[in-house]
Amino acid sequence: MRLLLINGPNLNLLGKREPDLYGSTTLTSIEEDLRESGRTKGAELQFFQSNFEGALVERIHKAFGQVDGILINAGAYTHTSIALRDALLGVDIPYVELHLSNIYSREQFRHHSFLAEHAVGVVSGFGVMSYELAMEGLVNYLKKIDGSNG
Ligand code: DQA
């Protein structure tokens with residue numbers, strides 16, 4: 001099973017950025033750990049991070065027919081980007097939305113997500129563990145639909 005983890009704007013700063021809120025783990029370290037635990041679940045991970053909305057859209061397009069599922073922390077674009085929502089719907093790849101912080105316990109403008117409505121599920125508020133939980137949820141979901149198709 002091939003999975004793509006997409007991280008949006010400012011997530012390249014993890015480890016340095018607002019550590020009280022987002023923790024001290026770097027994105028590289030999150031990716032390495034996820035690659036390892038993905039392997040034990042039969043998932044092969046690809047990674048992409050960008051601070052540019054168009055680059056994120058193009059990476060999603062490139063995933064068409066190439067990956068079975070997408071994990072996405074779209075950062076602030078979660079709350080603003082119809083383009084990312086359309087791209088995800090356009091390629092029709094099951095995806096899980098995730099956030100390190102609990103977006104519902106923060107400012108009002110973070111309570112709305114353009115991606116959540118069509119996501120398989122949303123994980124929010126577990127820090128670095130959100131990545132792990134989101135992957136576990138997506139892997140289980142994909143195994144289940146694979147089982148019911150075959
Ligand atoms: C975030 C939450 C967003 O509201 C914020 O803009 C981020 C990070 C999170 O992982 O908690 O950049 O997606």
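Some ground rules. Residues are numbered from 1 along each chain as its sequence is written, and side-chain values use heavy atoms, without hydrogens or water. Because the model is predicted, local features need pLDDT of at least 70 and side-chain atom pairs count only at pLDDT 80 or more, while totals for chains, interfaces and linings use all residues.

Helices here are DSSP runs of H or I, at least four residues, and strands are runs of E, at least two, numbered from the N terminus.

Now the pair. Helix 2 is residues 27-40, and helix 5 is residues 129-149. They pack at about 30°, with axes 10 Å apart. Axes are lines fitted to C-alpha atoms, for helices over the stretch in contact, and angles run from 0 to 180 degrees between N-to-C directions. That makes helix 2 roughly parallel to helix 5; angles under 35 degrees count as such.

Who touches whom? Contact means heavy atoms within 4.5 Å. From helix 2 come I30, L34, S37 and G38. They meet Y131, E132 and M135 in helix 5.

Take S37, in helix 2. Leaving aside neighbours within four places in sequence, S37 is in contact with E132 and M135. S37 is buried, at 14% relative accessible area. Buried means under 20%, exposed over 50%, partly exposed in between, with a 1.4 Å probe and protein chains only.

Helix 5 has buried residues too, among them Y131, E132 and M135. What covers the buried residues of helix 5 includes helix 2, strand 1 (2-7) and strand 2 (44-49).

Terms used. Angles under 35 degrees count as roughly parallel, over 145 as roughly antiparallel, 65 to 115 as roughly perpendicular and the rest as oblique.
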